[in-house]
Structure formats: structure tokens, C-alpha cells
Amino acid sequence: MTTIAIPDGMPQYDDVPRFDVAAVRADFPILDREVNGHRLVYLDSANTSHKPRQVLDVLAGHYAMHNANVSRSVHTLGTEATEAYEGARAKIAAFVNAPSVDEVVFTKNSTEAINIVAYAFSNASLRADADERFRLGPGDEIVISEMEHHSNIVPWQLLAERTGATLRWFPVTDSGRLDESGLADLVTERTKIVALVHTSNILGTVNATARITERVRQVGALLLLDCSQSVPHQPIDVVDLDADFIVFTGHKMCGPTGIGVLWGRGELLAAMPPVMGGGSMIETVSMARSTFAAPPARFEAGTPPIAEAVALGAAVDYLTGVGMRAIQWHEKELTAYALDALATVPGLRIFGPTVPVGRGGTISFALGDVHPHDVGQVLDSLGVQVRVGHHCAKPVCTRFGVPAMTRASFYLYTTTEEIDALVSGLEQVRRIFD
Amino acid sequence: MQLEQLYQEIILDHYKRPQGRGLRDADDPDAEVAEAHHVNPTCGDEVTVRVAAVDDIVVDISYDGAGCSISQASASVLYDRLSGRCAEEIAAVHAGFVELMSGRGQVTPDEELLGDGVAFAGVARYPARVKCALLPWMAFKDAAARAGVGVSPTEVEA
């Protein structure tokens, strides 16, 4: 490799935010284990991330020392649990730069968060006095894209069926980018909501949303961004993004399963009818009718996943401690390394952007005509954990003419040695199936 | 090495040189022809199996689909073992294969009954792959029933 001196006065190599990957890895107990007699090489963080000891300790510690139900107890434990739960909400609000803590609704996951918005539309459409922005009927349109996860397709298909609205979508280009060429025809005065993935879970594409946001504002529609694959990997600022809703999930960002987030503009959340009814979401209840609490409580019926929320707060602390800019840069370097390394494998075809620009550390590929199941099985025998299948994004597989793909995805604890292990594993696959 | 139990030479042979692949029309105009299309929703693999039956004899099994080596080799073995046989024989082979695949590696396969199907014994140790191996067999069972050839009873627990 040639060393190029960067001229004085320009940003130097070491100006980039960095962290000690070995020290980070030491925080994740699971990275020490073996799989099938090999050191674990975990390349499936887009599916779920691992959890550092700092998060596991908070999760166990909450149950061990502060366990009680929230928002209803006057006793000390109840107060501690409520403070921890609401404290986590404040941490998450700060993490995405939400203007108000009350704009953070805890959900089970991204799927539930999207469904809350979709059902709020549905419920509003049944009531003549509901906010016009949430009322849908024949002639109205919902716009998604061809690169969505099923969780951002199916809820809108069901909503369209219930209301008579029409579902439309942005296509995907051959290089795996969002095709915005038809933007003006696709997003129109008929559009009520555009629900779009921020970073594709299968192609790795990071969508630039500025033009779409501008168009959405022009036509008076709402914009929801599925940030499940972006909040864990880059700094996210909801004010800067200028979306109306974003959703993300805890387990992909070093937190536990069972906890996710719906962020919405306070004024919009306040205009949305409730979705699930039950305890905690009411203002007052009589036998004939009820009135409802303000957001976020309005959308958090029943006892929430308390310990999970608290542990997600710890995950946010952990990620902030490492630094989101540094994590983003680390993954950018890994992605560049991996794209180069994978290009050396004969017969390998990458789906999605092949340059480390406008893409994250999630790379899907085909190895000749070897079926991804077989690729994944051979890699597993070498300790390399990748995901194979349609990745809950079947329309993307259809778009690229394959039934399934193999996907490697990286995170803050991923190393270049692990990418080397993937590449040498792929050689093994070729030896068996060629 | 564990992996070799899964990817036996016999399986790779059937995968690379599948027997009887491609959907065919029946030679005999009086044959009862029916087909079934099965999908593995977790991975998107698909297979269509077409059965041509005369009375209780399955005179031909043809198939097409897209899937991994295990599912494709399994379809090839299915064709090999079941074409040209009567309902009673088919039921025995089918039950034997399903039992082997549901056995989590604890069932000793009957080579006389299953032929090349014994090579799938290793697959039963991989719960995620059992469905791949069974995909064509379940599609066959549906197609055969539609063509008037009953293969039941078989219960799959995988």
C-alpha cells in the first residue's frame, strides 16, 4: 500500500473519530465463545446485535434491585422503577435529538411502531371529527418503496385494504439505489403518507431523504422513516432529518429484544387517536366511555417492557460513550475493506451499491449459483454466522431475480479479520459446490 | 468433519445431476395428473411437483423449483424412489423418509427402503434444514392425493 501524505492544513487521518475495537470487543461476553470448534465470527448484526456487559448488568440489576410496576405506585420501588423507565425515555430522546421527551413512545419493536401509525390512520378514518391528515379513503395514496422490510410493507397494504386507499411505491435501480426519478408523479396531493426505509436491511443503501422530504412538504403529506438500520449505526437527529415519524428497535443497537421506539412530532402524536386500549393510556374511564392520556402514554397501553426500556437506555449510554460518529466511521472503513475483499472472490455478485458511499455495513451477495442456504451452512461450520434467505424483503429478491441472498452485516465490534474469515469461508463453499 | 455428514457425495451428486427434473405432460392420456406448489416461507424456496397416476400406480413424477442443494437433491431422490411404484410402496417409503427427517439424527435409516434417501440422515441433525429436505416430499404428498393416490398417514414434527 502506498502512503500518501495529506497536506498540512487538510483534515488528517487521525482527525477521524476512532475507538479501540479490541476494548469494545472485551465488553461483549458472547464474542469469546466458539461455534463448531471455531472462534465465533458474527456477521449478522443487521439481524440482531450483541449486548455488552454494561447493558446485561443493567437489565439484571433492574430486576434484582428496582423491580416494580411503573406510573402507578406510590411506594419507593415503584418510584425507582418509574424514574428508571422515564429516565431511559429521556436518554433515547437525547440520542435522536427529539425536541421533547414526550415524543418518544416505547413499543415492542419497529414493526409495532409502524403498526401504531398505520392503525391510527385506520381509526381516524372511521371518525368524521378526526384530524384530516390521518383520514384515508378511496382516492388517497400511501407511498412506500420496493426496498422496504416486510414490516414497512404489510401494515400499509392492510391499511389500504381497510380504507380503500391506494398503495404506490418507489422502484429500485439496478445498482440498488432508490429510484427517485418519478418523485413528482409518485408523491402528489393525493399522498397522505410516505413511509420509507432510511437504510435498507438487505441492500445496505442509505437513502438520501432531502428531496423526498421537500416534496412531501409541498404536497402536505406525512413522512415516516424506518430507521431500524440507521439509528444503531450513525448519528440521527430527528430535527435535521425533518421527518414526521421515525421508528427503530432496541435489539439492533446493543439493547434487549422486546423494546422499540416510535418517535413522532409532538403535535402529530397529539392528533392521533389511540390504537391499543387498556391501562395507563387513559385519562378517565366510565362504563360508557373513556378519555385518553396525552402522548406518549396514550400509545403505551398496559404494563410496558420496563427492564427492557431501562436496558435500552444503558445501550444508548454505551453507544454514546463509544461515539456514534466513530462507529459510523469504523463501519465505513469495514465496508470499504469488505467490498474490496469480496470483489476478489470469483463468481461473487453484490446486490446493492458496490462503493462505500451512501451505504452502510450490510452487504448481500450471491456466490455463483450456489444457494444461500448452502453458503450459510458451510460458513456456519467454520464459525461464520451470516444470514441467508429473503431477509424479510422479498420484493428486493424478486427485483434482482433471486429467491434468496446471503448477507454479511457489521457493527462496532466487527474486525477486518472477521471479513477475512468470511472470504476464506467462501473459498471453502466454492470447493464443495463447484 | 460434521459438514461432510450433511453434504454427502450422494446429495451433491443428485444436486449437480438431478434425476427427472422438469415438469412433463403424461404419456398416457388416461392418467390422472395433478400438481402441488409448496413454498418454504422462511427462505423463499419453492417446488412444484406433478404426479401422473394410473389407478394406484404413480407412473411419473416431474418437478421444478428453486432451492438449496438439500431441497433439490431431495426432489431428485424422491423421483428416483417413488416413480413407477404403487400407493402402498410409496406410503412406506414416504413414511420412512419423514421418520428419518423427524428423528433428529437418532433414527437408523433403512437403506433397502430409502435407497439414496439414507444420505439425508445427516440432514436430520440440522433442524433448520429438515424443512428443505421435506419440501418436495410434502408437495408430492399433496399432488399425489389430488391425483387419487393417498400417501397418508404421515405426521411431521420438524
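In chain A, the centres of domain 1 and domain 2, taken over C-alpha atoms, are 28 Å apart. This is a predicted model, where local features need pLDDT of at least 70, side-chain atom pairs count only at pLDDT 80 or more, and totals for chains, interfaces and linings use all residues. Residues are numbered from 1 along each chain as its sequence is written, and chains are lettered from A and ligands numbered from 1 in the order in which they are written.

**Exercise 1.** Find the bounds of the two domains of chain A.

*Solution.* Domain 1 covers 13-51 + 324-433, and domain 2 covers 56-321. These bounds come from an automatic or database domain assignment.

**Exercise 2.** Describe the side of domain 1 of chain A that touches domain 2.

*Solution.* Start with the contact: 27 residues of domain 1 and 30 residues of domain 2 of chain A take part. Two residues are in contact if their C-beta atoms, placed from the backbone, lie within 7 Å. Next, look for elements giving two or more residues to the domain 1 side: helix 11 (324-343), strand 14 (362-367), helix 13 (394-399) and strand 17 (405-409) of chain A. Helices (H or I, at least four residues) and strands (E, at least two) are DSSP runs, numbered from the N terminus. Helix 11 of chain A gives the largest share, 5 residues.
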